[in-house]
Amino acid sequence: MESQAGDGGSVELDGAWLETLSPEPLLTRDYETRPSLVYERLRQRHGPVAPVDLLGVPAWLVLGYREALDVLQDDAGWPKGLENWRARSEGRVPADWPLGPSLEVNHVLIQGGPGYRPLRTAWDAALKPFQDPRHAQAKRLKTAVAAYADDLISLVGQAGGTGLADLSAQFSRPLPLMVASHLLGFPGSQGDDALMDMWRVLDAGPDAELALERLLAALAELAAVKLKQPGDDFPSYLLAAHPDLSLDQLARELFMLLGMTSDHVGILISNTVVEVISGEGGVRASLSAGMVRESMNRVVMRKPPLVNFVPRFAARDTPLGNYTIRAGDPVWVSSAAAHADPLFADKVAEGTAVSTRAHLAWGAGQRQCPARELASTVAAVGVGRLFERFSNLELALPVDQLPWRSSPFMRGLRSLPVRYELAAMPPQPSAHAPDAEAGDTAEAADGVRVEAGGAGGAVESADAADVVLPDSAVRQRSSLWRYLTGLIGVGR
Ligand code: HEM
């Protein structure tokens with residue numbers, strides 16, 4: 001039987017087993033530079049679902065918006081869990097497959113099976129204090145983010161009131177790392193070494209394996225401390241909600257939180273900054289109207305940080321797009337490709353049937369991101385401070401020459417070179433600043449207690465919203481701070 005695929009060729013439906021299709025490699029130089037062209041080529045050739053080769057392992061890539069929703073909203077038909085992967089059970093996934101290490105750590109994002117539901121419920125409970133705007137923890141987090149952002153901006157400014165900076169290395173990457181340390185309840189800046197190991201793991205350089213070992217050991221140590229002495233932090237909340245978690249399991253969940261926070265949120269911040277300063281899509285205008293959240297919603301639609309989701313597996317032979325996906329075949333939903341599907345892109349452009357909230361940047365269905373509010377708040381507060389403290393920010397490279405990192409999962413900048421001009425008087429976070437509706441305020445000085453309730457004053461409990469920043473002596477000892485100090489004036 002033959003079927004028309006996309007606008008172009010046709011495909012043989014019967015007998016089209018993934019293994020026999022000799023799919024083309026996805027992660028090519030083309031993909032790194034212009035992923036949208038690669039998605040379009042695949043759509044033309046195969047329709048909404050295409051066979052691809054992921055570094056030597058065949059998989060289905062879901063490019064269609066409707067098909068992506070079909071998969072994401074049917075957890076029983078398309079479960080996660082590597083135990084469901086036929087080729088892996090049959091020993092056909094090479095032991096040294098480069099994507100193995102990131103998929104074989106069994107935590108909530110990857111897991112399927114009966115252990116998943118209680119784990120997800122515990123995640124929701126443990127994140128709630130940080131996401132519920134009425135909760136003291138959520139207020140404290142926002143205050144802390146503004147303070148960290150101010151500290152980082154002041155450090156950039158040590159090179160002079162105007163200059164060049166790499167806002168990725170000096171702002172978008174370290175800010176979420178400081179937030180992760182706050183969420184994990186690392187005392188002072190003691191966790192810095194461990195946290196910086198996360199960068200080594202994400203950058204997958206020669207020291208990545210050792211860094212991963214050190215990081216997991218540090219997180220296991222932290223987990224053991226929190227078991228003995230629970231605090232007001234994510235590990236303690238997760239343990240309280242799921243007392244059966246072993247220390248090893250808890251360490252893996254903390255690793256997951258650290259990775260998601262430091263990588264995804266950093267990418268969201270950089271992508272938002274680029275959109276704002278390159279003026280694409282009228283974002284600058286909406287930012288000045290104080291609508292950072294709305295701008296970010298558009299940014300994640302145009303440039304979702306997680307471009308390809310971790311795999312699901314067909315529970316049984318199931319038709320999808322122009323193919324029949326065999327039981328146990330891996331299926332990767334591509335949010336980036338689905339957002340470019342005319343079914344979605346055209347409707348959004350017309351502003352009719354599909355609202356911008358229908359995008360897939362946070363996933364869809366039961367396994368949607370549980371930390372959407374937290375991640376958006378961190379990014380919005382950070383971006384807000386950036387555009388308040390700098391009176392001018394310009395890209396130091398044409399937008400189409402910015403260097404992108406190649407990754408099967410993410411799309412983020414390698415660096416974000418900018419020309420900056422600091423505002424003469426550092427403005428305080430104001431009532432109209434993004435996410436400052438509770439009146440949070442933060443001073444950017446070492447060793448000071450930062451109080452909420454400044455501009456708007458409408459804070460339920462000033463005590464609850466206090467946050468203590470490390471003093472300058474602690475900062476001097478912090479490896480993260482020493483690293484950042486070394487970057488001052490990098491662009492000169
Ligand atoms: C800009 C930042 C972020 C983006 C764009 C993002 C996006 C996503 C997406 C698309 C998924 C669904 C993946 C899938 O269906 O396979 C997901 C799942 C998840 N995210 Fe996020 N995320 C972000 C930040 C975070 C942060 C900061 C945390 C933790 C504090 C987090 C925790 C999780 C967890 C635990 C899951 C798994 C949910 C499940 O399978 O039930 N995310 N995220």
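Trainee: How many helices and strands does the protein chain have?

Mentor: This is a predicted model, in which local features need pLDDT of at least 70 and side-chain atom pairs count only at pLDDT 80 or more, while totals for chains, interfaces and linings use all residues. Residues are numbered from 1 along each chain as its sequence is written, and side-chain values use heavy atoms, with hydrogens and water left out. Helices (H or I, at least four residues) and strands (E, at least two) are DSSP runs, numbered from the N terminus. Counted in that way, the protein chain has 20 helices and 14 strands.

Trainee: What percentage of the residues in the protein chain is buried?

Mentor: Buried means under 20% relative accessible area, exposed over 50%, and partly exposed in between, with a 1.4 Å probe and protein chains only. Of the 492 residues in the protein chain, the buried share is 56%.

Trainee: Which residue is the only protein donor of the iron atom of the ligand?

Mentor: Donors are N, O and S atoms within 2.8 Å of the metal (3.2 Å for Na, K and Ca), and because water is not among the atoms, sites may look incomplete. The residue in question sits in the loop between α17 (342-350) and α18 (372-389). Its SG atom is placed 2.4 Å from the iron, and the sole protein donor is C369.

Trainee: At what distance from an oxygen atom of the ligand is an N or O atom in the side chain of Y116?

Mentor: A polar contact is a pair of N or O atoms within 3.5 Å; within protein, one must be able to donate a hydrogen and the other to accept it, and residues adjacent in sequence count only if both atoms are side-chain atoms. R120 has a polar side-chain atom 2.8 Å from a ligand oxygen, and for R367 the corresponding distance is 2.9 Å. For the side chain of Y116, the distance is 2.4 Å.

Trainee: Why is helix α12 described as largely enclosed by the rest of the structure?

Mentor: The buried residues of α12 pack against α6 (116-131), α7, α9 (174-184), α11 (208-228) and α13 (247-278), where contact means heavy atoms within 4.5 Å. F234, P235, S236, Y237, L238 and L239 are the buried positions. Helix α12 (residues 234-241) is largely enclosed because the buried residues number 6 of the 8.

Trainee: How many residues of α7 are buried?

Mentor: Helix α7 covers residues 136-157 and reaches 32 Å from its first C-alpha to its last. This helix is mostly covered, and its buried residues number 19 of 22.

How values were computed:
Expected span 1.5 Å × (residues − 1).
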